[in-house]
Amino acid sequence: MGNKELFAEMEQSIVNYDKDEAVRLAKMALQKGIDPAVAINEGFVKGIQAVGDLFGEGEIFLPELVMGAEAMAAATDILGEAIKKSGGKAKYLAKGIAGTVQGDIHEIGIRLVTTFLIANGFDITFLGTDVSTSLFVDKAKELKPDIILLSALLTTTMPNQKEVIDSLKEAGIRESVKVIVGGAPVSQDWADQIGADGYGQNAPAAVEAVKKLMGI
Amino acid sequence: MIKLEERKASIQPIKSKLKISILDDGDVKKINQTALNILEEVGVFFPSEKALRIFADAGANVDFDKKLVKIPGHMVTDYLKKASGRYTLAGRRPELDAKIGSNEGTYFYCSGEAPNVVDLETGARRRAVKSDVENMAKIADYFPIVSLVWPTVSSGDKGETAPIHGVEACFNSTEKHVQTESVMDEISAKYTIEMASVIAGGRDKLRERPIYSLLLCGVAPLSQDKGGIESALVFAEAGLPIGFMSMPTMGLTAPPYQAADLAIGLAEVLSGCVLIQIAYPGTPLFISIMPAIIDPRSGDYFFGSSFSQITSTAAVQLAHSNGLPITTQFSFGGSAFKLNSWQMGIENVYGHLLSVMAGADMSFGPSGMIEAVTLLDMARILFDREIFQAIDIITKGVEVSDRTLAFDMIREVGPRGMFLGQKRTAEELPKLWPPSILFEKSKVVGEKYRNAEEVAREAIDWVLKNHHPAPLDEKVQQELRRIVAAADRDENLKRELKGRK
């Protein structure tokens with residue numbers, strides 16, 4: 001199979017939400033000696049963009065988006081490892097870290113946002129739930145993300161979003177990152193009050209907020 | 001207009017003459033069995049060493065590393081038998097007691113807790129503060145349709161101890177039974193129970209007449225909250241009633257089917273019930289299963305769908321088949337964003353109508369909520385009152401008797417006659433035109449009735465200015481303030497709430 005056909009099949013595997021096929025094709029690319037970054041950008045990214053377009057047109061809904069993102073993540077996990085080993089860099093729109101703040105174990109919303117962002121070509125590290133402020137700051141220093149996404153579903157844990165922002169300032173890295181907040185009790189007013197850069201009422205709105213902040 | 005006059009607090013459950021069942025016996029059996037299978041084979045996540053130890057000591061299958069509990073079916077049924085399904089959620093006076101499980105009808109909550117409120121003066125949205133909790137509890141105290149009171153909004157000006165302040169605000173602002181859903185750690189539980197016991201006159205008296213209770217919401221699917229579970233254990237130790245709620249969302253935290261939503265929700269709530277019955281057998285319990293759907297385009301949580309409403313109603317039979325009382329239905333405004341709108345109506349009428357007819361013991365109801373529990377608009381309670389008035393009328397059905405067939409009147413008035421001038425018509429006609437905010441005559445030319453929203457806001461203003469819930473004794477109020485101040489200073493509590501140990 002020529003490279004062109006392989007890239008087309010990679011694209012199709014994402015459009016078909018076929019995780020197993022995506023993984024098979026990713027491994028095939030490595031066996032054929034294809035540059036993994038090229039495989040991602042010429043094959044799989046085109047697939048996830050097609051899925052994103054269909055979603056935007058209302059042809060498919062969240063379940064398909066999640067399945068497409070999962071297929072994408074499975075392929076990029078394999079290819080991403082190979083890129084790291086070879087010292088290369090995959091092309092992403094931006095890098096981010098995401099999580100639910102300390103004391104809060106709700107994760108469905110932030111996982112959806114993460115899925116959306118990955119589906120839109122972002123490199124997002126999901127830190128999980130009940131993430132301490134210090135871990136957010138440590139990971140920000142380590143990974144140097146462009147964006148940090150903070151979720152809180154309880155009025156009692158919302159203040160930890162402010163705490164993260166304040167801690168980023170104390171660490172001297174606030175200006176190097178955009179902070180987006182979300183969660184059911186969170187509002188634009190709250191985001192403004194605590195000095196966040198953006199707010200997403202729901203997952204698609206969060207992606208738009210991120211794109212706007214990144215100038216994408 | 002509704003009659004506004006100062007009066008002592010009273011409660012009015014709605015008892016339906018009309019009865020409905022959503023599930024047949026076979027359905028109930030299948031869903032119950034599926035819930036038991038889930039508990040036995042899939043398990044529930046309990047991130048609490050205390051809870052895991054309780055389950056393990058009682059013979060459940062516990063994986064301490066994964067914090068997963070699998071409960072054999074026989075254990076579930078054996079422990080559920082110990083639960084008390086008939087008890088009182090007490091008010092400060094016996095006339096305000098909600099007699100759960102005694103077939104008195106459905107009792108309604110003024111619940112919450114929203115983070116934001118529509119400001120009464122400016123009409124603008126803002127973050128809620130403690131005085132909003134006090135105001136709404138006062139309003140809830142006034143209207144008989146409310147039997148049970150929560151802090152309706154979060155005391156956003158009180159930081160981490162907002163839940164404790166909310167409970168204090170309610171204790172001071174209503175004589176009705178107070179329940180919390182936000183006291184989610186054992187230290188806060190102890191502080192608020194201490195307040196309740198001061199009001200009751202001691203721990204034993206509180207146990208005898210529980211004026212305070214807890215509703216604990218799990219984290220669907222099949223997960224409990226550490227702080228919440230440990231709070232529940234403190235409530236149970238004090239002999240206070242506890243409710244377990246699940247909010248499984250079809251297609252998100254539950255399979256995309258109503259029956260599966262019920263089964264997974266039931267498993268989640270029963271896991272909490274079993275824990276409490278192992279630790280403190282005989283604790284009064286209730287459950288609540290709140291199905292919802294999401295907007296498949298955005299993931300937005302959608303309260304008001306017909307799927308949710310009928311599924312929540314079906315849960316009544318499941319609860320009763322397990323010997324447990326139930327609280328049904330959102331009335332958190334559904335997902336409508338506008339007060340006094342058609343959407344507000346359809347999202348909030350038939351759910352409660354169905355629940356009352358299905359025999360729900362309690363139902364979330366007149367709470368002032370709109371926008372999926374994120375916004376309190378106090379005037380909303382007047383619209384809810386209209387809905388519940390309609391439900392009360394409808395579920396009373398039609399009274400057929402010699403008096404109401406009125407053959408003697410028909411014979412007397414005869415063909416081409418008029419019934420209007422009859423003495424019995426004078427007595428009965430006003431009952432066919434109950435008080436309403438919808439038909440307040442307008443003085444504006446060309447306008448038949450006044451804007452109902454304006455009428456509702458006037459009513460709220462009147463209640464806030466003129467209704468004075470019986471205050472607690474000054475020494476009791478002082479003691480509550482002392483307890484809350486101690487909570488505010490408690491560094492252990494701050495660490496607990498921030499998630500640090």
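This is a predicted model: local features need pLDDT of at least 70, side-chain atom pairs count only at pLDDT 80 or more; totals for chains, interfaces and linings use all residues.
Start with strand 1 of chain A, residues 95-101. Six of its seven residues are buried, so the strand is largely enclosed by the rest of the structure. A residue counts as buried when 20 or more other C-beta atoms lie within 10 Å of its own.

Strand 1 of chain A pairs with strand 2 of chain A, residues 123-131. The two run parallel and are joined by six bridges. One bridge pair is Val101(A) with Val131(A) of strand 2. Between these strands the chain passes through helix 5 of chain A, residues 108-119. This β-α-β crossover is right-handed.

Strand 1 of chain A also pairs with strand 3 of chain A, residues 147-151. Here five bridges join the strands, and they too run parallel. Ile97(A) has Ile148(A) of strand 3 as its bridge partner.

**Helix packing in both chains**

Two packed helices are described by the angle between their axes and the distance between the axes. One helix pair from each chain is described here.

In chain A, helix 1 (residues 3-15) meets helix 3 (residues 36-56). Their axes come within 7 Å and cross at roughly 35°. The crossing is right-handed. Helix 1 of chain A contributes residues including Leu6(A), Phe7(A), Met10(A) and Ile14(A). From helix 3 of chain A come, among them, Ala39(A), Phe44(A), Ile48(A) and Val51(A). By class, this contact has ten nonpolar, four polar and three charged residues.

In chain B, helix 3 (residues 73-80) meets helix 9 (residues 258-279). The axes come within 9 Å and cross at roughly 65°. This crossing is left-handed. Helix 3 of chain B supplies Met75(B), Val76(B), Tyr79(B) and Leu80(B). Helix 9 of chain B supplies Leu270(B), Cys273(B), Val274(B), Gln277(B) and Ile278(B). The class count is eight nonpolar, one polar and no charged residues.

Strand 10 of chain B, residues 177-180, is covered on both faces. His177(B) and Gln179(B) are buried on one side. Val178(B) and Thr180(B) are buried on the other.

Strand 10 of chain B pairs with strand 9 of chain B, residues 148-149, which runs parallel to it over two bridges. Leu148(B) stands opposite His177(B) in this pairing. Strand 9, helix 5 (residues 162-173) and strand 10 of chain B make a right-handed β-α-β unit.

Strand 11 of chain B, residues 212-217, is also a partner of strand 10. Three bridges join these two parallel strands. Gln179(B) stands opposite Ser213(B) of strand 11.

**Chain B: two open sheets**

One open sheet in chain B has four strands in the order 8-7-20-19, with mixed pairing. Asn116(B) stands opposite Leu375(B).

Another open sheet in chain B has three strands in the order 13-15-16, again with mixed pairing. Strand 13 (249-250) and strand 16 (301-302) are its edges. Strand 15 (residues 292-294) pairs with strand 16 of chain B in the antiparallel sense over two bridges. Ile293(B) has Phe302(B) as its bridge partner.

| Strand pair | Bridges | Sense |
|---|---|---|
| Strand 1 and strand 2, chain A | six bridges | parallel |
| Strand 1 and strand 3, chain A | five bridges | parallel |
| Strand 9 and strand 10, chain B | two bridges | parallel |
| Strand 10 and strand 11, chain B | three bridges | parallel |
| Strand 15 and strand 16, chain B | two bridges | antiparallel |

**A buried arginine**

Arg92(B) sits in the loop between strand 4 (87-89) and strand 5 (98-100) of chain B. The residue is buried because 21 other C-beta atoms lie within 10 Å. Leaving aside neighbours within four places in sequence, Arg92(B) is in contact with Glu175(B) and Ile211(B).

**Where the chains meet**

In the contact between the chains, 18 residues of chain A touch 20 residues of chain B. On the chain A side, helix 5 and helix 9 (203-214) are the elements that give two or more residues. By class, that side has nine nonpolar, eight polar and one charged residues.

Methods:
Residues are numbered from 1 along each chain as its sequence is written. Chains are lettered from A and ligands numbered from 1 in the order in which they are written. A residue is buried if 20 or more other C-beta atoms lie within 10 Å of its own, exposed if 12 or fewer, and partly exposed in between; C-beta atoms are placed from the backbone. Two strands pair if DSSP finds at least two bridges between them. A crossover is right-handed if, with the strands pointing away from the viewer, the path from the first strand over the helix to the second runs clockwise. Axes are lines fitted to C-alpha atoms, for helices over the stretch in contact, and angles run from 0 to 180 degrees between N-to-C directions. A crossing is left-handed if the near helix is turned anticlockwise from the far one by less than a right angle, and right-handed if clockwise. Two residues are in contact if their C-beta atoms, placed from the backbone, lie within 7 Å. Ala, Val, Leu, Ile, Met, Phe, Trp, Tyr, Cys and Pro count as nonpolar, Asp, Glu, Lys and Arg as charged, and the others, Gly among them, as polar.
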